[in-house]
Amino acid sequence: RDETDIAIEMVWDTPSDEDQTDSDGSDVDLHFRHPQSQDWFRDAGPYDCHFANPSPDWGDPGVAVDNPSLDIDDTNGAGPERITLDNPQLTAQFGRGYRVAVHYYRSQGGFRSVPYGPSTATIRVYFSGVLASETRRELDDTNAFWETVDIQWSADEALVIDVNALSRRAP
C-alpha cells in the first residue's frame with residue numbers, strides 16, 4: 001500500500017458469473033463525494049468522484065494534490081476499483097464528512113441478456129496505507145445504491161462512520 005492520506009478500494013463478488021476475470025460481467029461503481037455536496041452523479045456537479053468524473057477539482061484551483069482520483073475502474077468483473085485523495089480538507093467546516101457509495105450500475109454483462117443477479121460489494125478504507133474500515137453488503141440488482149460510510153477528517157484524527165443506507169437510484 002502507498003501512503004496516500006485516503007484510499008478507498010472496492011471489490012465485488014457475483015456468484016452467478018462463472019468467470020469474473022473475463023471481459024463479460026457485472027459492473028459495480030465506486031463513488032466518493034465531497035462534504036460540500038448533498039447529491040450524487042451529475043447533480044453533484046464536480047463533487048462526486050466516479051467513472052464519469054474520475055479526477056474532479058476539489059481543492060485549491062490548479063493544485064492537483066488536493067483532488068481525488070479514480071485510479072482503477074473495472075467495468076466487467078469483480079474489481080478492484082480505487083479512489084485516492086491526498087491532502088483532504090478538514091471536514092468540520094462543512095458539518096459533514098466525505099461520503100463513500102456503491103452503485104450497481106449493470107447486473108448483466110455486455111454480451112449477456114440475462115442478469116447475473118446479486119453482487120456483494122466490499123469497501124475498504126485506508127488512512128496512510130493502514131486499513132481503517134472494511135464493510136460489505138449484497139446489492140440485489142441494477143441501480144441498487146449503497147451509501148456505505150462517511151470519512152471525517154480533522155487535524156488530529158480521521159474517523160470512519162458507518163452509514164449503511166440502501167436505495168434505488170438511476171444515474
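Biologist: Is H31 buried or exposed?

Modeller: H31 counts as buried because its relative accessibility is 0%. Buried means under 20% relative accessible area, exposed over 50%, partly exposed in between (1.4 Å probe, protein chains only). Keep in mind that this is a predicted model: local features need pLDDT of at least 70, side-chain atom pairs count only at pLDDT 80 or more, and totals for chains, interfaces and linings use all residues. Residues are numbered from 1 along each chain as its sequence is written, and side-chain values use heavy atoms, with hydrogens and water left out.

Biologist: Where is H31 placed?

Modeller: H31 is in strand β2. Strands (E, at least two residues) are DSSP runs, numbered from the N terminus.

Biologist: Which side chain joins H31 in a polar contact?

Modeller: That of D48, at 2.9 Å. A polar contact is a pair of N or O atoms within 3.5 Å; within protein, one must be able to donate a hydrogen and the other to accept it, and residues adjacent in sequence count only if both atoms are side-chain atoms.

Biologist: Now H34. Where is that found?

Modeller: H34 is in the loop between β2 (27-33) and β3 (48-49). H34 also counts as buried, at 0% relative accessibility.

Biologist: What does H34 contact, beyond its neighbours within four places in sequence?

Modeller: Y47, W58, Q89, F94 and Y98. Contact means heavy atoms within 4.5 Å. Y98 is 64 residues from H34 along the chain, yet their C-alpha atoms are separated by 5.1 Å.

Biologist: What does the side chain of H34 reach at 2.9 Å?

Modeller: The backbone nitrogen of Q36.

Terms used:
Helices (H or I, at least four residues) and strands (E, at least two) are DSSP runs, numbered from the N terminus.
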